Amino acid sequence: MIRRILLVAGGTGGHVWPAIAFGDWVKRHHPEVHLGYLTGMRSLELEMYRSAGLDPHIISLEGSPLGAPRGQRLRRWRQQFQGLSQSAECFREERPDACVLFGGYLCFPSLLVAKMRGISALVHEQNAWAGKTARLASRMGVPVASGWDRCAPFAEGRFTPVGVPVRSFHLVSRQEAWQRLGLEGEAPSAPIVAVMAGSLASHPLFLQVQNLAREDAFASWTFLFLGASSCLDRQGNRILLPRRWDVEFLYSVADLAVLRAGASTLTEVRLAGLPALVVPWRHATGDHQRANALQFCRDNVGQIWDE
């Protein structure tokens, strides 16, 4: 009988939000189960957890040593060793019966601790191309659950497709959403485009879409750029919005989404019924964003825009 579960997720919203969403599901359906959370030291990670009313354990990891700039590699490898002892301390405190790892560099120390202690573990891979932690876990005999029905380079049968857990949201009227975003007046009747560049806010994508928005063909359209400014800033038909985590208002007001190809956001956009222009980040590890985009556009109203 599983009574205590540790959820490990960090790095970006693409890992953190599925962990939070899964935890919410467990709390609703199995309130007797105790949940603990483990994340890294980035302020963004803590902001997401605390916006959901959670206070996670923290280990001193700020990024992967693999592919890091040469000047940061040694420090990040040291952090991995430090993270191993900190993860072990978290396991001692939480005493989990099971551990669910949501991918990324942050999960590697917890994967080792779980195996050393004989604790049941599961890796959830959000992307259509499995990351290093998921591939290592599979070789160690840890089962892998996938957000898509494809999880390369695994062959069929080496993973279990389960979908991507996402935040609960409820769509509201266009006018209410417009006002809840802090915008004045009547919501435009002409098309509204939601531009989402991930939790780390990809400014090159913002700049490309801003240039597009200036063209005469889009003069009557409104472009909402989520997380592009520290405060609301209106520049003609371009509105820069501060970062926020209540996504339902943006999804409710938009007619079209322009977004990076993170698995969590793609899943939310699909559930919101929005057509999407998907712009995969070309530097994503293993080109997993392109793999996500291809899977999304196969089954949904979407088009890939190659930068």
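A salt bridge is a side-chain nitrogen of Lys or Arg within 4 Å of a carboxyl oxygen of Asp or Glu. This report applies that rule to a predicted model. The count comes to 14 salt bridges. Side chains of opposite charge can pair when their charged atoms come close.

**A link between distant parts**

Asp149 and Arg298 form one of these bridges, with their closest N and O atoms 2.9 Å apart. The pair joins distant parts of the chain, 149 residues apart. Asp149 sits in the loop between β6 (144-146) and β7 (160-161). Arg298 belongs to helix α10 (residues 288-299). Asp149 is partly exposed, at 48% relative accessible area. Arg298 is also partly exposed, with a value of 46%.

**Bridges within a helix**

Lys27 pairs with Asp24, and their closest N and O atoms are 3.5 Å apart. These residues are three places apart in helix α1 (residues 13-29), so about one helical turn separates them. Lys27 is partly exposed, with a relative accessible area of 38%. Asp24 is partly exposed at 30%.

Helix α6 (residues 174-180) holds Arg180 and Glu176, four residues apart, or about one turn. Their side chains meet in a salt bridge of 3.6 Å, N to O. Arg180 is partly exposed at 46% relative accessibility. Glu176 is partly exposed too, at 33%.

| Salt bridge | Closest N to O distance |
|---|---|
| Asp149 and Arg298 | 2.9 Å |
| Lys27 and Asp24 | 3.5 Å |

**A network**

Some bridges join up. Arg282, Asp287, Arg290 and Asp306 are linked in a network of salt bridges.

**A buried charge without a bridge**

Glu125 lies in strand β5 (residues 120-125). This residue is buried, yet it has no salt bridge. Why is there none? The nearest side chain of opposite charge, Arg135, is 7.1 Å away, and a salt bridge has to fall within 4 Å, so Arg135 is out of range.

What does lie around Glu125? A polar atom of its side chain is 3.0 Å from the backbone nitrogen of Asn127. Beyond its neighbours within four places in sequence, Glu125 is in contact with Ala130, Gly131, Ala134, Val144, Ala145, Ser146, Gly147 and Cys151.

Conventions. Residues are numbered from 1 along each chain as its sequence is written. This is a predicted model: local features need pLDDT of at least 70, side-chain atom pairs count only at pLDDT 80 or more; totals for chains, interfaces and linings use all residues. Side-chain values use heavy atoms; hydrogens and water are left out. Helices (H or I, at least four residues) and strands (E, at least two) are DSSP runs, numbered from the N terminus. Buried means under 20% relative accessible area, exposed over 50%, partly exposed in between (1.4 Å probe, protein chains only). Lys and Arg count as positive and Asp and Glu as negative; His and the chain ends are not counted. A polar contact is a pair of N or O atoms within 3.5 Å; within protein, one must be able to donate a hydrogen and the other to accept it, and residues adjacent in sequence count only if both atoms are side-chain atoms. Contact means heavy atoms within 4.5 Å.
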